[in-house]
Amino acid sequence: MSHATRDWDSLWLNVHLATLRPGAGYGEITDGAIAVHEGKIAWIGPRNALPAGARAGQEHDGGGAWLTPGLIDCHTHAVYAGNRSDEWEARLNGVPYEQIARQGGGIVSTVRATRAASFDELLQASLPRVRALMAEGLTTLEIKSGYGLDLANEEKMLRVAREIGRLTGLDVRTTFLGAHALPPEYAGRADDYIGEVCETMLPALAGQGLVDAVDAFCENIGFTPAQTERVFLAAKQHGLPVKLHAEQLSDQGGAQLTARYGGLSADHLEHLSAEGIAAMAAAGTVAVLLPGAFYFLRDTRLPPVEALRQAGVPMAIATDCNPGTSPMTSLLLAMNMACTAFRLTPREALAGATLNAARALGLAESIGSLEVGKKADFALWNIDRPGDLAYAMGFNPCTLSVKAGEIR
């Protein structure tokens with residue numbers, strides 16, 4: 001690192017760039033350079049095309065590493081308390097997930113533990129999961145609520161998520177998932193609970209600036225399409241974008257509903273129909289694939305990846321980090337699973353954890369690819385080629401990450 005005349009804040013040299021700009025391949029630039037000014041990318045291209053006399057306050061030698069956009073995990077439930085390994089063991093002994101949920105396990109068991117945890121206890125339980133993701137070059141993270149299921153505890157979860165962003169320097173996007181499960185105190189009164197979500201929780205939480213988007217669990221063990229639409233209407237009244245847990249266990253038409261409301265994403269999608277695909281394509285709704293849950297639940301029904309590909313629906317990849325169905329804190333492993341189980345290409349997997357993940361959060365104008373004007377969020381990797389990132393299991397070649405131009 002050397003100091004020179006200040007034109008840009010910093011300049012990275014001796015790097016190979018996988019820009020992920022829309023188009024063919026990884027958008028490779030071998031022997032590239034990338035300049036940063038005021039937290040944004042100011043110049044990018046081959047090193048031999050640098051403007052004459054280009055200087056920066058700091059110059060960094062990347063040592064021949066590959067440099068990609070910072071990774072983005074666009075679907076997580078990373079803030080929670082407790083553990084559900086007992087339920088996992090029960091499933092391995094033949095008890096279906098639906099039966100566990102109906103018997104008071106599943107999401108509701110995590111609700112009990114999360115409600116019982118203090119703010120600090122919840123923060124300390126969640127930070128290690130987030131830091132494990134960060135170690136793999138993560139620069140942006142979505143965190144959902146949904147394990148509180150009352151105003152006080154949903155607020156606690158969302159405040160913990162905001163604090164995680166402050167402590168780590170990550171961009172943390174918060175999603176209100178009050179319509180995640182029916183709390184015990186509302187047993188048999190799902191419509192009344194949805195009224196509480198729409199008329200009490202969402203106005204209060206949005207009014208405190210704690211909500212970036214709104215989600216729901218539209219499923220045969222979750223909420224009906226009609227109840228989900230009530231949540232979407234409430235989100236619209238507050239000017240908040242929507243997304244949906246859709247078509248994971250059955251086809252409820254959730255993808256079409258999400259598309260009708262201009263939703264950012266529909267997530268899971270193992271039971272997605274042709275009609276759902278067409279609606280998502282027309283609306284620009286991103287398909288968020290969650291191979292960790294597919295693997296952990298030992299599912300056998302694949303999401304319709306080829307049909308999504310043919311329809312031009314952007315496909316994102318996320319960990320779905322949660323205690324019940326995807327206790328995974330590795331986005332690189334999610335990329336490998338997406339390739340191996342879902343037949344994505346390595347290029348699609350990397351785009352799914354960068355460019356398309358940014359689209360799924362409504363942030364594609366500012367992050368997700370290496371382009372002038374976007375945030376200087378990137379990661380350096382000790383690899384031979386970009387496809388290596390989805391290739392090896394249990395392997396983390398990230399050497400450092402940069403957030404808004406600052407080395408973390």
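Trainee: How do the residues of the lining of the second largest pocket divide into nonpolar, polar and charged?
Mentor: This is a predicted model: local features need pLDDT of at least 70, side-chain atom pairs count only at pLDDT 80 or more, and totals for chains, interfaces and linings use all residues. Residues are numbered from 1 along each chain as its sequence is written, and side-chain values use heavy atoms, without hydrogens or water. Ala, Val, Leu, Ile, Met, Phe, Trp, Tyr, Cys and Pro count as nonpolar, Asp, Glu, Lys and Arg as charged, and the others, Gly among them, as polar. The lining divides into eight nonpolar, three polar and four charged residues.

Trainee: Which residues lie nearest the centre of the second largest pocket?
Mentor: A pocket is an open set of points on a 1 Å grid over the protein atoms alone, with protein on both sides within 12 Å along at least five of seven lines; lining residues have an atom within 4 Å of a point. Here 15 residues line the space. Nearest the centre are Arg91, Tyr97, Glu98, Leu297 and Arg298.

Trainee: Which element gives the largest share of that lining?
Mentor: Helices are DSSP runs of H or I with at least four residues, strands are runs of E with at least two, and both are numbered from the N terminus. α1 (85-92) and α2 each supply at least two residues of this lining. The largest share is three residues, and it comes from α1.

Trainee: What is the volume of the largest pocket?
Mentor: A volume is the space filled by probe spheres set on the grid points, which are joined across faces, edges and corners. For the largest pocket this comes to about 400 Å³.

Trainee: Which residues are closest to the centre of the largest pocket?
Mentor: The lining has 13 nonpolar, six polar and two charged residues. α2 (97-102) and α3 (107-116) are the elements that give two or more residues to it. Of the 21 lining residues, the closest to the centre are Ala101, Val108, Ala181, Leu182 and Ile221.

Trainee: Which residues lie nearest the centre of the largest cavity?
Mentor: A cavity is a set of points where a 1.4 Å probe fits but cannot get out. The structure holds two of 30 Å³ or more, and the largest has about 150 Å³ of space. Its lining counts five nonpolar, seven polar and two charged residues. Of its 14 lining residues, those nearest the centre are Tyr97, Ile107, His180, Asn322 and Thr325.

Trainee: Which strands stand at the edges of the sheet?
Mentor: Two strands pair if DSSP finds at least two bridges between them. Seven strands form an open, mixed sheet in the order β3-β2-β1-β4-β13-β14-β15. Two of them have a single partner strand each, so one side of each is left without a neighbour in the sheet: β3 (40-46) and β15.

Trainee: Which residue takes a positive phi in the hairpin of β14 and β15?
Mentor: β14 pairs with β15 (residues 406-407) in the antiparallel sense over two bridges. Lys403 stands opposite Glu406. Two residues lie between the strands. The residue with a positive phi, near 50 degrees, is Ala404.
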